[in-house]
Amino acid sequence: MTLRRFFDRLGLAVALFVIVSPAVLFFLWMLSLSIKFEIDNASYPPVFIPSQFNWGNYAAVLASNRFTTYFLNSLIVTGAATFFALFVGVPAGYGLARMRAHKAAVVILIARITPGLSYLIPLFLLFQWLDLLGTLWPQIIIHLVVTVPIVIWIMIGYFETTPMELEESAMIDGATRWQVFRYVALPIARPGIAVAFILSVIFSWNNFVFGIVLAGRETRTLPVAVYNMISFDQLSWGPLAAAALLVTLPVLVLTVFAQRQIVAGLTAGAVKGG
């Protein structure tokens, strides 16, 4: 190993440590809060590893605050929003990539970076007029404002890097454009679809503003449920940290299992400056 390569690897390791260590530290501190009694959470100097674990915080969260109902609501909203986003966004990304419609891609990016609050007020009035407030449908529909542009933008960059020769060969053999998309482009695009899927799930699962405005008592999602555990007169750090970990766990597990697909999709999509 040359000296230059050694310093390159050392610099990369230092950069990764600087970027990753704060997130890992916050996660471990949240885990520590969730397994301690309140007297340990309020102690000074802080106690990171308690002498006795308190798993009752998790039991308290699952038993109160209608956590199971809110978990099911989040599962329905995130699942539906991600499914419809992929159903619409993957073909749209393929079509825009093949037409080289870069101006349309920029418009979609602008729609993504526009603050969600700008969509919230008019859609709130529309859902109120349709008498849908308090149901899950408004949250599913408004989450598409976030997830569809993400899917389209990722798939445009990915499809632009896939080889055209295979599609041209299939069309010469008599395949239609839909058959080319279904049997040639989609199998090649699986890593990109995995990235779009994971990011859609993360953005939808963690969305807070839409849920607190559009949801009713029975249709709140998990981020709103965690927020409702914060009160003015008392704040229990143990149950709050346990609830936050339970909200994070599904997305974390999904990301760990799909990490190879994510890396492959991001690497392939970054070959061109999509």
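1. Asn73 counts as buried because its relative accessibility is 6%, where buried means under 20% relative accessible area, exposed over 50% and partly exposed in between (1.4 Å probe, protein chains only). Asn73 lies in helix H4; helices (H or I, at least four residues) and strands (E, at least two) are DSSP runs, numbered from the N terminus. Not counting residues up to four places away in sequence, Asn73 touches Leu136, Glu218, Thr219, Arg220 and Thr221, a contact being heavy atoms within 4.5 Å.

2. This is a predicted model, in which local features need pLDDT of at least 70 and side-chain atom pairs count only at pLDDT 80 or more, while totals for chains, interfaces and linings use all residues. Residues are numbered from 1 along each chain as its sequence is written, and side-chain values use heavy atoms, with hydrogens and water left out.

3. The protein chain averages a pLDDT (the predictor's confidence in each residue, from 0 to 100) of 79, and 88% of the residues score at least 70.

4. The largest nonpolar core has 32 residues, of which Val90, Val151, Met155 and Phe159 touch the most other members. Such a core is a set of buried Ala, Val, Leu, Ile, Met, Phe, Trp, Tyr and Cys residues joined through side-chain atoms within 4.5 Å. Helix H7 provides its largest share, 11 residues.

5. Leaving aside neighbours within four places in sequence, the contacts of Phe159 include Val90, Tyr94 and Phe181. A second, separate core of 18 residues includes Val61, Trp205, Val226 and Leu245.
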